[in-house]
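Here is a short report on one protein model.

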Amino acid sequence: MIKKIELKNFRIHKNLNIKINKPIILIEGNNGIGKTSILESIYFISTTKSHKTNNEKDIIRKDQEFTSVLVETNDYKLGITLSKKGKHLTVNEVTKKKVSQYIGYLKVVMFSPEDLNLIKGSPQERRFFMDAELSQSDLEYLELLIKYNKILKQRNILLKKIKVDDDFIMLDILGNQLFDLTIKIREKRIDFLNQLNCILLNNQKDKNFLIELEYKHHLDNKKLLEHYLNKQNNDILHKTTQVGAHKDDFIVNLNHQLAKTYASQGQIRLIVIHIKTAILNLINQQGNDNVVLLLDDVLSELDEENQKEMIRMLLNMKQVFITSAVPLGIHEENIQIINMEDI
Ligand SMILES: Nc1ncnc2c1ncn2[C@@H]1O[C@H](COP(=O)(O)OP(=O)(O)OP(=O)(O)O)[C@@H](O)[C@H]1O
Ligand SMILES: [Mg+2]
């Protein structure tokens, strides 16, 4: 579990050192003081990504050249430095050249207000979610994805240069590779959603609140291959690869209706919490019971009954970080309260 966090130039934090000594950590303080940024830094050290932005430079403190995060767990010292030159990853002070060699030392599940986009947001946001969760628990998936993105980039560069009467040899090779990788990525994503569906069904005490996730793609496997091999002109015209794993999506149903248009605001929040809980269960099933849970402003939004259910669940966790702009008034032996105003 996490014992120490050191941030340099991470968003609002110029120099922040925190020692952790309890399983439940409440981070309290006024709006804008930097609570979410601390959770973001833990997510970052776990996944090498921000949960808030795709543009990673955003996390570097304004007018600074770099940011660095150092997190010590019971077993490892994890470090990331991000600058214009890129990302430098270390485990126990040894450099890891590939993200796939770095991922997996610390697993996290994050609940944040942005997660409501899982239901309300764009396909891109749902793919980001699937990719992030799967990459954490399945290294093979991460490697597939990295390979896929590399080939996709090559094919898109080629599509910007090529003319319809040029030969398509290279385009076909890349198309074939994208097809093979899409099949594998789809299999893993569908399997992931099915596993979540099973857990969701199991966790459901209230039978009137049935959540189901369903994979969606524009073209099935057969039509996809046909596109890559016979409809190249279409992509050349648009100068980009229009189909494949990078365009797929999933939908969320509540009681067999599309949650996006059917569920209430509160229900959407609950659906997201249920999905996140299912992910946590899934990671635990895979033999990791040392997942760190990050809760950004979630408890304060729930009604009393749901809040109680959430706290009951938290007591089973090895380590939980919770932020709140209002003091939650929970004082227990195994809770460490960090008041940002005191730091
Ligand atoms: N790159 C950056 N450099 C400096 N400051 C930044 C940077 N990015 C964001 N900030 C600032 O960091 C502050 C802290 O944001 P953060 O989201 O962590 O606060 P918070 O305590 O979670 O607030 P809230 O209670 O409103 O959720 C904001 O005031 C924001 O303006
Ligand atoms: Mg916040």
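Between domain 1 and domain 2 there are zero salt bridges. A salt bridge here is a side-chain nitrogen of Lys or Arg within 4 Å of a carboxyl oxygen of Asp or Glu. The model is predicted, so local features need pLDDT of at least 70 and side-chain atom pairs count only at pLDDT 80 or more, while totals for chains, interfaces and linings use all residues. Residues are numbered from 1 along each chain as its sequence is written, and side-chain values use heavy atoms, with hydrogens and water left out.

**The two domains**

Domain 1 covers 1-112 + 297-343, and domain 2 covers 113-288. These bounds come from an automatic or database domain assignment. The C-alpha centres of the two domains lie 27 Å apart. Contact means heavy atoms within 4.5 Å. In that sense, 26 residues of domain 1 touch 23 residues of domain 2.

The area buried between the domains is about 2,100 Å², and carbon and sulfur atoms give 64% of it. Buried area is the accessible area (1.4 Å probe) that two parts lose on being put together, summed over both. In domain 1, Lys-107, Val-109 and Ser-112 lose the most area to domain 2, together 28% of what that side buries.

Four residue pairs, both at pLDDT 80 or more, are in polar contact between the domains. A polar contact is a pair of N or O atoms within 3.5 Å; within protein, one must be able to donate a hydrogen and the other to accept it, and residues adjacent in sequence count only if both atoms are side-chain atoms. On the domain 1 side, the elements giving two or more residues are helix 1 (35-47), helix 2 (99-102), strand 8 and helix 11 (304-314). Helices (H or I, at least four residues) and strands (E, at least two) are DSSP runs, numbered from the N terminus.

**Two open sheets**

Strands pair if DSSP finds at least two bridges between them.

| Sheet order | Strands | Pairing |
|---|---|---|
| 8-12-13-3-14 | Five strands | parallel |
| 9-10-11 | Three strands | antiparallel |

Take the five-stranded sheet, in the order 8-12-13-3-14. Strand 8 (108-111) and strand 14 (335-339) stand at its edges with a single partner strand each, so one side of each has no neighbour in the sheet. The twist averages 15 degrees from one strand to the next. Axes are lines fitted to C-alpha atoms, for helices over the stretch in contact, and angles run from 0 to 180 degrees between N-to-C directions. Five bridges join strand 12 (residues 292-296) to strand 13 (residues 319-324). Leu-295 has Ile-322 of strand 13 as its bridge partner. Helix 10 (residues 265-285) lies across strand 8 and strand 12, at about 175 degrees to strand 8.

Next comes the sheet in the order 9-10-11. Strand 10 (residues 249-254) and strand 11 pair over two bridges. Asn-253 is partnered by Leu-258 in strand 11. Helix 4 (residues 123-137) packs on this sheet, touching strand 9 and strand 10, and makes about 95 degrees with strand 10. Helix 6 (residues 169-203) lies across strand 9 and strand 10, at about 170 degrees to strand 9.

Key
Chains are lettered from A and ligands numbered from 1 in the order in which they are written.
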